[in-house]
Protein chains: 2
Amino acid sequence: MERLNVFGPCEAEVDEMLSGIAQPDQGLYLGICVTFPWMRITLRAEAESDEKAAALLAPAVRLVEDRLGEYIFSRGETSIDEIIAGLFIRQGLTLALAESCTGGMIAQRITSISGSSRYFLEGAVTYSNAAKSRQLGVGAALLEEKGAVSSEVASAMAKGVRQAAGSDLGLAVTGIAGPDGGTDDKPVGTVFISLAAPDGCWTKRFQFSGSRDEIRTITAWTALDWLRRYLARRGAA
Amino acid sequence: MERLNVFGPCEAEVDEMLSGIAQPDQGLYLGICVTFPWMRITLRAEAESDEKAAALLAPAVRLVEDRLGEYIFSRGETSIDEIIAGLFIRQGLTLALAESCTGGMIAQRITSISGSSRYFLEGAVTYSNAAKSRQLGVGAALLEEKGAVSSEVASAMAKGVRQAAGSDLGLAVTGIAGPDGGTDDKPVGTVFISLAAPDGCWTKRFQFSGSRDEIRTITAWTALDWLRRYLARRGAA
């Protein structure tokens, strides 16, 4: 049996991407188990011998890997937090976080790993604008002009926390978790995530939906997954 | 049926404190359901009529309230986070957090409540000593002399974050969540919690046990419960 853990596409998309891989008539089974907001793909082969089962399973696993690519964040029981920890430690990099709508959820996940003090320097949960200015150096004029939930403020937060902490990477999140606070322009679920690194700063807008808790959870996961992809590419380069 | 939610004593202690209240032969039942690290006391009465059941239940509930006192943080389905939110809003106070071993867990809990931006200004997840100094103004000499996990540093963190954020209350946590990092003097599970308020600063040492996750969870709960008790007493005064 092989387990591949996936984050990014929804279940229907994964189902579509994996179509044709399962061959129940030949003893090759594929299951998708959704544990919001990620999912686990389980591949299982039944044959007369262990060798035959393994021979049936291996190409199917490769097919799943080819089709899902970077969406696969780990295998077996390894969490995304553990994967990120391994990437940081292998590359000798450090991290600082600036969180608004996730309110410490990302920091809590990062620090759930024993030994995270080797790469995690600090986090700022900047709920008020005053905190965004004082802790992260986000200009009051920028906050006024663009709003706390904006691409410009997200990247200023990421760059600001990176500089203040003296870390290699700065990851920032700002958004509207709801249920109140949405506008026509920026409805509930609008989130900006920004990653500041030595080789550049990237910021992206997302539109999530769900309850306050769901929006916060998927925001934290999306930010962590972005970090994972950045580190994985950097490590492979 | 009445539900009373309790934090503080262990199940055996609660069992002892509530001895003699249940009277199954008269239709009065008492159950304790533990959901780490808190528990729920359920009182239920069975009688010929609803009136008789209510008459049986009411004095039993009062007895439980008398015996458990401040250990009861809420009734029914209300969480401790919601209770704290209500206390802050009613009293018009603001909060800032400084977390080390809990790594953002307290901030995440506080901000899980919609509308928490009315009282929560900011949180600092200060994992490195440099962050404790820069964000909270904790002196390098104090960190060197007493260690990051000490009563003195905990109170300096609470006072520091309160001053930096300009909040009414500053709550700080520093400890050793493990599994590594313990010493003879300060074994894994050693935690200092400090609350800085306009009327004083209180700091206390705790010794918890369990896994990294359990120690972090009970530390966050203990800090939140301390905040709840402070606000409840202040509101009653």
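This is a predicted model: local features need pLDDT of at least 70, side-chain atom pairs count only at pLDDT 80 or more; totals for chains, interfaces and linings use all residues.
Reader: Which element gives the most to the side of chain B that touches chain A?

Author: The contact takes 31 residues from chain B and 31 residues from chain A, and 26 residue pairs between the chains are in polar contact. On the side of chain B, the elements that give two or more residues are helix 4 (105–110), strand 6 (120–126), helix 5 (129–136), helix 7 (151–165) and helix 8 (212–236). With seven residues, the element that gives the most is strand 6 of chain B.

Reader: Which three residues supply more than any other three of the area that chain B buries against chain A?

Author: Between them, chain B and chain A bury about 2,200 Å², with 45% of it on carbon and sulfur atoms. Of the area that chain B buries against chain A, 23% comes from three residues, namely Gln108(B), Glu122(B) and Tyr127(B).

Reader: With which residue does Glu122(B) form a salt bridge?

Author: The count of salt bridges between chain B and chain A is two. In the one formed by Glu122(B), the closest N and O atoms are 2.6 Å apart, which is within the 4 Å cut-off, and the partner is Arg134(A).

Conventions
Residues are numbered from 1 along each chain as its sequence is written. Chains are lettered from A and ligands numbered from 1 in the order in which they are written. Side-chain values use heavy atoms; hydrogens and water are left out. Contact means heavy atoms within 4.5 Å. Buried area is the accessible area (1.4 Å probe) that two parts lose on being put together, summed over both. A salt bridge is a side-chain nitrogen of Lys or Arg within 4 Å of a carboxyl oxygen of Asp or Glu. A polar contact is a pair of N or O atoms within 3.5 Å; within protein, one must be able to donate a hydrogen and the other to accept it, and residues adjacent in sequence count only if both atoms are side-chain atoms. Helices (H or I, at least four residues) and strands (E, at least two) are DSSP runs, numbered from the N terminus.
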